[in-house]
Amino acid sequence: MIKTLTRQIREFKLPSLLTPVSMVGEVFCEMLIPVLMGRIVDEGIYGGNFSYIVSTGLKMLAIALLGLFFGIMGGFFGAKASAGFAKNLRKAMFDNIQTFSFSNIDHFSPSSLVTRLTTDVTNIQNAYMMILRMAVRGPMSMVIAMIMATVISPRIASIYLIAVLLLGCFMIFMMGTTNRYFHQVFEKYDELNASVEENVTAVRVVKSYVREDYEIGKFQKASLNIYRLFCRAELRLALVNPAMNAAVYGCILLISWAGAHMIISRTLTTGELMSLLAYCMNILMSLMMLAMVFVMITLSEASAKRIAEVIEEKSEIRNPENPVMRVPDGSVEFRQVDFAYDRGAGKPVLREINLSIRSGESVGIIGATGSAKSSLVSLISRLYDVTAGEVLVGGIDVRNYDLEVLRDQVSVVLQKNTLFSGTIYDNLRWGDPKATDEECRRACRLACADEFIDKMPEGYNTWIEQGGANVSGGQRQRLCIARALLKKPKILILDDSTSAVDTATDAKIRKAFAEEIPDTTRIIIAQRISSVQDCDRIIVMEDGTISGFGTHEEMLRTNAIYREIYESQTGAGSDADFDRKE
């Protein structure tokens, strides 16, 4: 984990080095001032040497200004290093997320990834800043102050040492008890973000079912869990400050009492006592700094593990060493394919799939919900890898292709249609960034999207809200189909992507495909018989297996499942039964 995170420091190594160097310079300057202050008292004030007071005071001023310079530089370099480190962590996570296969994405919820990219990274940024500054300044200040105090009076320095040891043990104990609470907090943050995300994305459903109070209650419950965990942790950490104050004032009293006796016995001067009191404050303030560092490190430890999990996650789908860079045609073949989302699962989602689709053929897929229709087509563009067997596109195993090349030629319009914030043109050019306006319009004509775009005041420059919130489900589907067509694929897969359009528009889209892109292999998953009955051949899926494969007429004759669906949707079966009763 540490190696994974420290690799992200990269170009910020120099600021990361200059920050502790600046802190060391600041500490040295601070440690000299109590010595000079003591000499002013002993040699200047008691000795009546005014010129010595002035010259030493000027030295103290120069040292203080130098310490101020080191402090400013430490703050500047520390901010640059920690902010840069956070930037690289976010980039490393986001870049790696882009390489994830669907199976990798299944490991992390969207809300969890958002928490890791925001809250967790902020915790690491703050912890790194403290490590560079306070974790260097605190021990260095403590050690030097202890040495200086020991040089002045070993007897009084022993008071510091006992206080430091006692407080150190106390803080280690407190950090251990609070650590487990901070680990739990970030799991609750995921739940909170999930509640917010779900509520915002489904706000129309929430309002239509008048479930605002339920959602508020769910959010309050998630928020209350975080509140309780933080209270438990902070309750323990709250004991640190009283303990620190007790140690500070206890040391001051003991040093004052012991120092007064030593001054009377002439084994200590007044100036030296002032220096010792100053070093006492330095030592105990340094210990307080270290306590803050320990708290921040404890808080960020869980964040560090969660960030490292995302960065270290390896995509289960990778390019081969010498990938094929060209897809010959749009033919598709499944050979003895088994597939399971969880490779340790007992029963595969797809079993013994043998299938051959010719290039340019239109194939419909129909079947009950949960019959693995979407799983089947996900293997063609290698969104998942098969568990057994092989899937061939253009006669070549999909695992031998360059992923980008394969997915450019296998265009998929998924069940869940997503549009992004931007104009209609911006969304269409996800399919082809270099597409001309005329190519965009042609794709929209094929997808029957031009019918509603032309009626919009700004036409193709109409702004689409995030997720396509300002267009209907059918309009969103047609825009997604047009976007897929702009890729000019050899294989076009429509995964129930015309379910929200009326049957007349659905028929127009299928007719346009047949006339305009006859060489493109078209695979259409649908729930309506009317959407697939004109396809060259139809696949009937049942419980992860192929129940039948043939033309509409053949399926009506030979496949009971297809015939049942057809009769239930067209009413042919009920009419026939009625005629028989007559």
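Guide: Let us start with Glu 26, which has a relative accessibility of 14% and therefore counts as buried, the limit for that word being under 20%. Please keep in mind throughout that this is a predicted model.

Visitor: What makes Arg 137 buried or exposed?

Guide: Arg 137 stands at 15% relative accessibility, so Arg 137 counts as buried, because buried means under 20%.

Visitor: How do you know that Glu 26 forms a salt bridge with Arg 137?

Guide: The closest N and O atoms of Glu 26 and Arg 137 are 2.8 Å apart, and a salt bridge requires a side-chain nitrogen of Lys or Arg within 4 Å of a carboxyl oxygen of Asp or Glu, so the pair is called a salt bridge. This pair links distant parts of the chain, with Glu 26 in helix 2 (residues 13-45) and Arg 137 in helix 5, 111 residues apart. In general, side chains of opposite charge can pair when their charged atoms come close.

Visitor: How many salt bridges does the structure hold, and which residue pairs with Arg 335?

Guide: The structure holds 24 salt bridges. One of them joins Arg 335 to Glu 390, where the closest N and O atoms are 3.2 Å apart, and here too the pair links distant parts of the chain, since Arg 335 belongs to strand 1 (residues 332-339) and Glu 390 to strand 4 (residues 388-393), 55 residues apart.

Visitor: What can be said of the side chains of Arg 358 and Glu 361?

Guide: The side chains of Arg 358 and Glu 361 meet in a salt bridge, at 3.2 Å from N to O. Arg 358, at 52% relative accessibility, counts as exposed because exposed means over 50%, whereas Glu 361, at 3%, counts as buried. Elsewhere, salt bridges that share partners join Asp 506, Arg 510, Arg 528 and Asp 534 into one network.

Visitor: Which residues line the largest cavity, and what makes a space a cavity?

Guide: A space is called a cavity where a 1.4 Å probe fits but cannot get out, and a search of the whole structure finds 3 cavities of 30 Å³ or more. The largest cavity, with a volume of about 40 Å³, is lined by Leu 419, Ile 424, Asn 427, Leu 428, Ile 464, Leu 479, Cys 480 and Arg 483. Helix 13 (424-428) and helix 16 (473-485) each supply at least two residues of that lining, which by class has 6 nonpolar, 1 polar and 1 charged residues.

Visitor: How is the lining of the second largest pocket divided by class?

Guide: The lining of the second largest pocket divides into 11 nonpolar, 2 polar and 1 charged residues. The pocket has a volume of about 300 Å³, and of its 14 lining residues Ile 2, Leu 5, Ile 124, Ile 131 and Ala 304 lie nearest its centre. Helix 1 (2-6), helix 5 (110-152) and helix 10 (270-312) are the elements that give two or more residues to this lining.

Visitor: Which residues form the nonpolar patch on the surface?

Guide: Phe 50, Val 54, Leu 58, Leu 61, Leu 65, Leu 68 and Ile 72 form the patch, with about 720 Å² of accessible area together. Leu 68 has its place in helix 3 (residues 50-99).

Visitor: What is the phi of Gln 336, and what is the phi of Lys 488?

Guide: Gln 336, found in strand 1, has a positive phi of about 50° although it is not a glycine. Lys 488, in the loop between helix 16 and strand 9 (491-495), likewise has a positive phi, near 50°, as a residue other than glycine.

Visitor: Why is Val 377 called buried?

Guide: Val 377, which lies in helix 11 (residues 373-378), has a relative accessible area of 3%, and this is under 20%, so Val 377 is buried.

Conventions. Residues numbered from 1 in each chain as written. Predicted model: local features only at pLDDT ≥ 70, side-chain atom pairs only at ≥ 80, totals over all residues. Heavy atoms only, no water. 1 Å grid on protein atoms, 1.4 Å probe; cavity = no way out; pocket = protein on both sides within 12 Å on 5 of 7 lines; lining within 4 Å. Points joined across faces, edges and corners; volume = space filled by probe spheres on them. Helix = DSSP H or I, 4+ residues; strand = E, 2+ residues; numbered from the N terminus. Nonpolar A, V, L, I, M, F, W, Y, C, P; charged D, E, K, R; others polar. Patch = residues over 30% accessible without salt bridge, like charges linked within 9 Å, V, L, I, M, F, W, Y side chains within 5 Å. Areas by Shrake-Rupley, 256 points an atom, 1.4 Å probe, with all protein chains shown as cover. Buried < 20%, exposed > 50% of the residue type's maximum accessible area, 1.4 Å probe, protein only.
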